[in-house]
Protein chains: 2
Amino acid sequence: MLQRTYENQNCSIARTLEVVGERWTLLIIRDVFLGLRRFDQLQQSLGVARNVLSGRLARLAEAGILERVRYQERPERHEYRLTESGRELSIPLLALMEWGDRHVARSGPPRVAEHRDCGGRVSARLTCSACGDTLEPAQVRTRPGPGHRAATAA
Amino acid sequence: MLQRTYENQNCSIARTLEVVGERWTLLIIRDVFLGLRRFDQLQQSLGVARNVLSGRLARLAEAGILERVRYQERPERHEYRLTESGRELSIPLLALMEWGDRHVARSGPPRVAEHRDCGGRVSARLTCSACGDTLEPAQVRTRPGPGHRAATAA
């Protein structure tokens, strides 16, 4: 069971950050997206303490974001693969990257995301599922949803 | 000057997380989006220690994400407003919320984001700026960008 980092917050941002918001966790997921799948590759890329990496990987597997798969029998070795829900984290990750490219990348984007088929630049955008418009932040409002009362009462 | 949490990472995700990745920081930004602007409102909503909140707000102001504005003279009182770069964080925030709604919201979405004009549900999507397609994660690849070498050499 994951620790409730934000115990009193009935919010999907808070719940998500309880799973992926610890130091290093989003960078581990980024590295697996980039093709690093083995413990030693991840450890080398991140320069993080082995016990920290080991703990983070175990939590990501427990949360169903990474899958630990045996790829060799003798000696037994495992690698980490993104699950379907893990792959869906590419949207917030690329949105964070894009924000960083605009506001904190002093020498231009270190990496560029592009559409495999046409090579065009990929952008994370807010879209309206009803009218199809691409929206600016000011065109979006939020209201309490179906999970609002349920979790408040719990 | 902000602390370099991920010193050796030449990556816009890592740089962004150095600014917004500390515990509570994204939830503070969320609350300002939701209309909470004063220290005491934020403190009550989050239930976070006052010194922690105070430190986070100072860093967000320093990073140009929040602006501290005086709204009363005697006694002097301030409130926090999102800057333009702060408002752009609505994209990663809503992407994190959407992921959480799908995977960790047990009683349905606590909040719903909708298009002000038509009331349609808002979704964070990956789009191609060249062909305009909405992309699945598997249709996206990344490659080193213009800032790759620059920051490696630094």
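How many residues does the contact take from chain B and from chain A? In this predicted model, 74 residues come from chain B and 75 residues from chain A.

**Stop 1: the side of chain B that touches chain A**

Colour chain B by secondary structure. Each of the following supplies at least two residues of the side of chain B that touches chain A: α1 (12-20), α2, α5 (84-88), α6 (90-103), β3 (111-115), β4 (122-128), β6 (140-144) and α7 (147-153) of chain B. Select α6(B), which gives the largest share of that side, 12 residues. Colouring by class then shows 37 nonpolar, 23 polar and 14 charged residues on the side of chain B that touches chain A.

**Stop 2: strands that pair between the chains**

Select β3(B) together with strand β6 (residues 140-144) of chain A; these two strands pair in the antiparallel sense over five bridges. Within this pairing, B:Glu114 in β3(B) stands opposite A:Arg141.

Next, select β4(B) and strand β4 (residues 122-128) of chain A, which pair in the antiparallel sense over seven bridges. Here B:Cys128 in β4(B) is the bridge partner of A:Val122.

**Stop 3**

Keep β4(B) selected and display its side chains. Which residues make up the covered face of β4(B), and which the uncovered one? B:Val122, B:Ala124, B:Leu126 and B:Cys128 form the covered face, whereas B:Ser123, B:Arg125 and B:Thr127 form the uncovered one.

B:Leu135 in β5(B) stands opposite B:Leu126. The two strands form a hairpin with five residues between them, and B:Gly132 in the turn has a positive phi of about 80°.

**Stop 3: helix α2 of chain B**

Select residues 25-33 of chain B, helix α2. After α2(B) comes B:Gly35, whose phi is positive, near 105°.

**Stop 4: the two domains of chain A**

Finally, colour chain A as domain 1 (1-87) and domain 2 (89-154). Their C-alpha centres lie 22 Å apart. The contact between them takes nine residues from domain 1 of chain A and six residues from domain 2 of chain A. On the domain 1 side, α2 (25-33) and α5 (84-87) of chain A give two or more residues, and α2(A) gives the most, with four residues.

Terms used: Residues numbered from 1 in each chain as written. Chains lettered and ligands numbered in written order. Predicted model: local features only at pLDDT ≥ 70, side-chain atom pairs only at ≥ 80, totals over all residues. Buried ≥ 20, exposed ≤ 12 C-beta atoms within 10 Å, placed from the backbone. Contact = placed C-beta atoms within 7 Å. Nonpolar A, V, L, I, M, F, W, Y, C, P; charged D, E, K, R; others polar. Pairing = 2+ DSSP bridges. Domains from an automatic or database assignment.
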